[in-house]
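Subject: Structure for you to look at

Hi,

Here is the structure I promised to pass on. Have a look at it first, then read my notes below.

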Amino acid sequence: MKILSRRTLLRGTFAGSVVGLALPQLDAMLCPRGAYADGEVAPPFFGLFFWANGVPWHAHHGGEQASAGTPDLWTPGTTGAGYAPSEMLAPLAAHRPTVLTGLQPHTAIPAEPGGQSDGHMRGFMVGLTGDRIRPEGFDHPSHTLAPLRPTLDQVVARDTTFTASGATRFRSVHIGVSDARFHDYGHWNAISYNGPSSQNLPILRPGQLFDLLFSVPPNAGELSRRASLLDAVADEGRSLRSTLGAADRARLDEHMDHVRELERRMTLATGASCVAPAPPIDGDLSTRSNQMAELLAVALRCELTRVFSCMLTSPASTHVFSNLGVPDGLHKTCHDGLWENVRRVTSHQMACFAGMLDRLDAQLDATGTPLLDRGVILGVTEYGEGWKHSTNELPALLVGGANGRLARGVHVREDGGNFARVHLTALRALGLPYDSWGWNGGETTQPFDELLPLG
Amino acid sequence: MRFPPSITICLLLLACNGSIDSEPARPGPRIYAPGPAVLPRLTAAQYHASLEDLFGPGLPLLPLEPDTNPYLFFNVGAASTTLSEVGAQRYDESAHALAAAVIDDPERRAQFMDCEPASPGDRCVRATLGHLGMMLYRRPLSDEEAERWIGIATDLAEGNALTGLRYALAGMLQAPSFLYRIELGSPDPVPGHEGWGRYTDLEMASRLAFLLWNAGPDEELIEAAVAGALSTPDAIHLQASRMLEDPRARRAVQAFFAQYFDLGRLDHVGDRDPLRYPQFTSTLTASMRTEVELLVDDVIFNRDADVREILRTRRTFVNAELAALYEINAEGATAITFVPVELPDDGPRAGLLTLGAFLAMNAHPTETSPTLRGKYVRERLLCDLVPPPPADVATTIPEPGPTPRTLRERLELHRSRPDCAACHDVIDPPGYLFEGFDSIGATRSEDNGIAVDTSGGLDGMPLSDGRYLGELLSSDPRVSLCITRQLFRHASGRLETDAEDVAIRALAQDFIAGGSRFLDLLLSFATSDAFRMIQIDGSER
């Protein structure tokens with residue numbers, strides 16, 4: 001079992017308190033890594049934030065959208081540092097998001113099978129992986145879709161430079177807020193992938209997130225016996241794998257990797273007891289979003305994890321924003337061309353994002369630094385706008401300071417620019433030595449240097 | 001995902017001429033050959049049902065990784081997705097909760113143990129683990145496996161034999177041999193069947209159980225397999241007939257039809273505006289689902305009728321709120337009591353397509369959708385594939401504008417564009433037949449203040465409203481073929497290959513010739529090569 005060092009015990013008592021969540025008395029018991037010596041900087045964290053159905057359409061989306069005569073409520077009027085926030089970005093202003101506009105996927109679109117140009121497919125995949133969808137097996141009528149590679153959160157979570165500062169209890173944590181779904185399968189359900197058929201399904205209930213993060217089995221003896229048991233389970237998996245075909249063997253291997261990961265976690269866990277948060281009040285998206293963000297913020301401060309994804313709403317979301325007076329599901333509302341309703345919903349989704357950032361900012365680490373100063377959070381959606389599914393003007397937000405490696409509050413615009421540059425910028429801000437990013441026509445070697453003060 | 005790419009069926013359908021041969025045949029082989037093996041993980045429903053069958057009701061059933069249903073079926077999701085890390089954790093938590101409930105309760109323990117262990121790893125512990133292992137793994141344990149769990153039951157016992165047993169059970173409940181259906185087949189010795197595998201008797205026991213009970217096999221079935229009594233179609237027929245007599249068969253048939261009819265979408269029918277739809281309650285869609293379940297059960301088990309009767313029958317089952325929605329009298333119906341009723345001859349309803357479930361789940365919160373309703377008829381009942389809208393096509397329905405218009409009139413403007421008409425001419429006409437029902441399935445005579453027009457049709461055959469479509473489909477062989485195809489996908493956990501399509505068509509011919517009785521289809525499928533054979537691909541092993 002891990003022994004709590006005296007330093008850990010000392011630093012643990014410095015931790016700030018959290019509104020609405022009763023923390024255990026000894027914070028360090030909960031937080032396997034709680035403390036850094038003077039001058040040490042806590043390592044950065046990375047998060048993906050996804051919202052559905054783009055932003056209200058405007059002239060730059062091209063096509064029929066150009067003749068709709070609707071104003072651009074997303075792009076700030078000026079570029080550079082200290083830009084004046086647009087109407088849609090106003091809810092986020094306090095967190096000084098860096099906003100990148102004018103970008104689009106540069107990936108090639110195979111002719112067969114048809115349907116790959118659609119924003120739900122192409123924009124989604126480029127926004128999360130930097131690559132196109134996997135053409136083999138893509139089936140448009142059923143919208144069955146797979147990526148070619150892991151999503152950016154998993155690239156970071158498995159990067160050896162990123163993990164060099166020490167293993168966390170959870171490699172990554174995945175949450176979702178709205179449970180409305182366009183389909184109950186595939187990428188309509190989750191935004192994080194380990195690989196083509198391996199997803200990280202989001203946890204959708206604050207209570208379940210709490211259990212995952214903070215409830216630890218009763219005592220050290222029980223934990224070590226459960227770990228032995230998992231060892232036996234993994235042994236059986238090993239003896240079975242030789243009978244299977246390659247694809248099924250890979251699925252079983254991944255399952256057994258998870259079993260090993262649970263086993264590892266049990267040897268890290270310490271006996272802590274937490275008081276459960278208040279039961280969630282269903283209905284309003286922002287209420288649940290805030291509850292989950294609060295738990296996530298504690299987990300990040302404690303370094304239970306350093307990578308997360310949050311799917312506020314799922315791709316092509318059918319969420320009904322009746323609280324905003326929008327009577328139909330969001331996807332249909334977009335298709336019906338109801339711009340004013342999309343305006344209200346987008347603004348509300350940004351306010352939910354801001355609520356999450358508020359909670360990250362409220363967490364101060366042992367040196368009194370707000371959590372958000374340490375992290376990089378990439379905000380993405382599936383396409384530019386949902387009326388015609390244009391992937392032009394694919395929005396990107398980079399929030400957080402990455403321990404001083406990422407410029408905050410800057411508007412960068414590049415008309416027709418390659419979206420993969422956003423990913424490369426985020427990776428470099430995290431201190432990861434990537435020289436290039438993007439595939440299948442979307443390759444780039446150019447991060448946005450103006451956002452990387454330390455290079 | 002490993003689905004064959006060539007599944008698109010041309011949608012330019014001609015009028016039905018009474019034979020499945022009117023559906024364009026696929027290019028490719030005309031001779032059956034088995035398709036590739038899959039490795040399905042148990043769905044949450046199968047996991048829970050298997051354990052309740054084994055240990056009795058009232059177990060702590062913790063939530064597991066949610067199942068997904070690509071191509072409609074959870075078995076397809078279970079055979080193509082990879083478990084997430086949180087999913088592995090849920091298995092762990094579930095296993096410990098179940099093992100404690102089963103082992104710590106003397107009464108429950110007595111149901112599967114006829115001895116009381118005296119010391120860790122003793123004869124009683126060994127016998128119990130051997131029995132539980134066989135039931136969970138759906139085959140006898142290998143020596144190595146038996147030793148592994150006896151070792152756990154000894155090492156982790158802390159001096160208490162039952163504690164050790166509890167850990168060993170929690171381990172077996174997380175073992176891949178329980179959680180995955182490992183069905184590999186062994187080479188079929190029949191000349192000409194090179195590359196064919198035949199499922200072993202134990203694998204057949206497992207396959208029959210998941211097909212007919214949607215759970216693992218019982219002891220009798222495993223014993224039959226061990227005795228070599230599942231090797232011939234006759235022997236399989238004997239066991240399958242016994243299994244269809246068991247109440248568990250009803251559960252499995254319900255699971256198939258709920259997925260085939262896509263009833264899960266009823267859970268996502270959002271709340272309706274109470275001012276506009278005062279009859280919509282928080283329980284209404286669940287009532288609609290129960291109605292369809294009772295109807296399916298009645299046609300298949302009580303009446304053993306042509307399964308397509310579901311599409312035309314005036315008999316249905318309503319509780320009080322459905323009776324009110326349908327404006328009929330239903331004596332004895334309460335909020336929770338469903339009673340059988342005959343829908344009136346002169347009323348607008350007859351068959352599934354005029355019931356609440358179909359009408360409400362294929363509509364939007366504010367308006368109906370002839371497109372969604374027509375697409376359901378095409379894709380679900382006829383197994384047609386509707387191609388995607390061409391790239392950059394306008395998918396917006398024209399706004400109402402200054403002159404009031406019905407939704408139908410707006411859709412017809414949309415269809416006047418040739419690029420839209422290609423698909424919507426096929427999808428929308430069957431959907432128009434239901435314009436007399438609003439977005440929650442209540443009757444209506446006006447849309448946007450204008451009288452509704454329910455005329456439409458199928459494949460060029462003009463019809464005046466939805467009742468006639470149900471009547472037409474209830475004798476359409478394409479519906480029987482579609483059910484056969486979907487049953488194959490459900491049972492196989494994947495789409496069929498072109499060579500397997502040959503067997504599906506042959507099964508469908510027999511199904512239709514015998515009056516399209518679903519229990520007959522289950523029996524003929526269970527004894528067919530399409531269910532008993534698998535491709536053995538030496539290159540991958």
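How many bridges join strand β8 of chain A to strand β9 of chain A, and do they run parallel or antiparallel? Four bridges join β8 (residues 376-380) to β9 (residues 396-399), and the two strands run antiparallel. In this pair, I377(A) stands opposite V399(A).

Some ground rules before the rest. This is a predicted model, where local features need pLDDT of at least 70 and side-chain atom pairs count only at pLDDT 80 or more, while totals for chains, interfaces and linings use all residues. Residues are numbered from 1 along each chain as its sequence is written, and chains are lettered from A and ligands numbered from 1 in the order in which they are written.

Back to chain A. Strands (E, at least two residues) and helices (H or I, at least four) are DSSP runs, numbered from the N terminus, and two strands pair if DSSP finds at least two bridges between them. β8 and β9 belong to an open, mixed sheet of eight strands, in the order β2-β10-β3-β9-β8-β1-β7-β4. At its edges are β2 (80-81) and β4 (173-176), each pairing on one side only.

Now for where the chains meet. The contact (C-beta atoms, placed from the backbone, within 7 Å) takes 56 residues from chain A and 54 from chain B. On the chain B side, several helices each supply at least two residues, including α6 (143-155) and α7 (161-172). The most comes from α3(B), with five residues.

Happy browsing!

Definitions and conventions. Two residues are in contact if their C-beta atoms, placed from the backbone, lie within 7 Å.
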